[in-house]
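Please walk through this protein with the model open.

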Amino acid sequence: MKSVQELVNLKKINLLDFDRKGLEAFFVKLGEKSFRATQLLKWIYQEGITDFILMSNFSKALRAYLTEHCCIVAPEIVVEKKAADGVYKWVVQTQCGNRVETVFIPEEGRGTLCVSSQIGCALACTFCSTAQQGFNRNLTTAEIIGQLYMAQHRLGRETKVTNVVMMGMGEPLLNFDNVVAAVNLMMDDFAYGLSKRRVTISTSGVVPAMYRLNELCDASLAVSLHAVTDELRNELVPINKKYPLQELMAVCRENAKLAPRRTVTFEYVMLDGINDSNEDALGLLQLLKTVPAKINLIPFNPFPNSSYRCSSNNRIHAFKTLLNDGGIVTTVRKTRGDDIDAACGQLVGQVNDKSRRHLKLATQSSE
Ligand code: SAH
């Protein structure tokens with residue numbers, strides 16, 4: 001396989017950039033039948049064949065055309081780390097020297113891949129280290145689905161990725177089209193065929209995009225809530241200033257009506273002395289009274305220069321008990337891969353920041 005940069009230089013069309021609909025349109029444009037799309041998906045995602053010459057159900061002329069004008073390129077792994085608990089972190093190279101991170105979390109009976117959607121993140125959640133990196137650009141569909149493609153190749157046939165969570169670097173719903181196309185491929189029977197329940201998009205609460213998602217994509221949804229008052233959420237998840245809690249709850253209610261979701265999962269990071277009191281737990285029960293919800297408490301994972309601390313185990317347990325007693329199924333996310341900085345909120349990659357956030361942060365801290 002040629003390197004990413006070589007292919008960019010050749011300006012070939014990367015066919016990992018298209019979901020089934022996109023490929024159908026592509027083949028029809030070439031004067032081919034649309035079913036070529038499903039044939040191609042099977043070659044790429046099920047057979048692992050990327051050499052067009054080997055695609056034996058295509059005519060010679062089509063194979064030659066695809067070889068000349070197209071390519072199938074996933075991002076390349078440049079660093080691999082394996083944690084004591086079996087978690088893998090892969091640093092993958094995208095075009096223009098940026099790097100993003102992908103994490104594989106093996107568990108009894110399943111394997112979850114945590115996929116990045118952007119190079120850095122344009123949002124400024126104060127407890128997340130990706131946010132401190134600034135933002136470069138959206139990942140392409142090829143770079144998103146390519147993370148699953150390269151992970152599955154690296155893991156081999158024995159270890160299957162059974163679940164995908166869009167919880168790596170970036171805000172998936174601010175890269176809507178590319179994320180939806182990649183998620184479609186994850187769920188397409190001719191590609192990875194993962195069930196809707198096993199593919200989760202996590203969002204900080206981009207309300208208009210959440211309405212669009214309701215119409216266009218039936219993957220599962222997780223919402224990063226983290227606070228029960230606008231005042232605190234404005235600080236922790238600043239996009240709340242644009243889309244406050246009431247609007248967020250309204251779209252979540254709509255979302256939960258759609259099968260297969262029926263419930264929305266709310267993520268809630270446990271920050272010592274910030275959002276972890278009994279009062280917060282009762283506020284959470286109140287806020288979610290009209291939304292069919294599950295709650296996933298995430299112990300805060302520290303990173304360099306972060307000013308927060310994780311709530312104690314006792315506090316997390318008491319918080320969880322209050323929520324469960326109040327009638328909302330609540331789980332605590334196991335911290336995995338933290339010895340290699342692969343845990344939630346610890347992914348940083350290498351981001352050539354175009355938002356100049358680090359300059360702003362440097363100025364703020366010297367004021
Ligand atoms: N932008 C998306 C995906 C981000 S990461 C979103 O906001 O949902 C997935 C989860 O990890 C989010 O709930 C995020 O708030 C949480 N997270 C971020 N930083 C964290 C940290 N340092 N410790 C624990 N969880 C964190």
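This is a predicted model: local features need pLDDT of at least 70, side-chain atom pairs count only at pLDDT 80 or more; totals for chains, interfaces and linings use all residues.

The domain assignment divides the protein into domain 1 (4-71) and domain 2 (76-366). Their contact takes 17 residues from domain 1 and 18 residues from domain 2. Between the C-alpha centres of the two domains the distance is 32 Å.

The size of an interface is often given as the accessible area lost when the parts come together. For domain 1 and domain 2 the buried area is about 1,500 Å², and carbon and sulfur atoms give 59% of it.

Turning to specific interactions, one salt bridge is counted between the two domains. Arginine 20 and aspartate 188 form a salt bridge in which the closest N and O atoms are 2.9 Å apart. Seven residue pairs are found in polar contact across the interface of domain 1 and domain 2. On the side of domain 1 that touches domain 2, the elements giving two or more residues are α1 (4-10) and α3 (36-47). Of these, α3 gives the most, with six residues. By class, this side of domain 1 has seven nonpolar, six polar and four charged residues.

The residue to look at next is threonine 126, in the loop between β7 (118-120) and α5 (129-132). Is threonine 126 buried or partly exposed? Its relative accessible area is 30%, so threonine 126 counts as partly exposed. Leaving aside neighbours within four places in sequence, threonine 126 is in contact with Gln132, Glu235, Leu236, Phe303 and Tyr308. With tyrosine 308, the side chain of threonine 126 makes a polar contact of 2.8 Å.

Note on methods: Residues are numbered from 1 along each chain as its sequence is written. Side-chain values use heavy atoms; hydrogens and water are left out. Helices (H or I, at least four residues) and strands (E, at least two) are DSSP runs, numbered from the N terminus. Buried means under 20% relative accessible area, exposed over 50%, partly exposed in between (1.4 Å probe, protein chains only). Contact means heavy atoms within 4.5 Å. A polar contact is a pair of N or O atoms within 3.5 Å; within protein, one must be able to donate a hydrogen and the other to accept it, and residues adjacent in sequence count only if both atoms are side-chain atoms. Domain bounds come from an automatic or database domain assignment. Buried area is the accessible area (1.4 Å probe) that two parts lose on being put together, summed over both. A salt bridge is a side-chain nitrogen of Lys or Arg within 4 Å of a carboxyl oxygen of Asp or Glu. Ala, Val, Leu, Ile, Met, Phe, Trp, Tyr, Cys and Pro count as nonpolar, Asp, Glu, Lys and Arg as charged, and the others, Gly among them, as polar.
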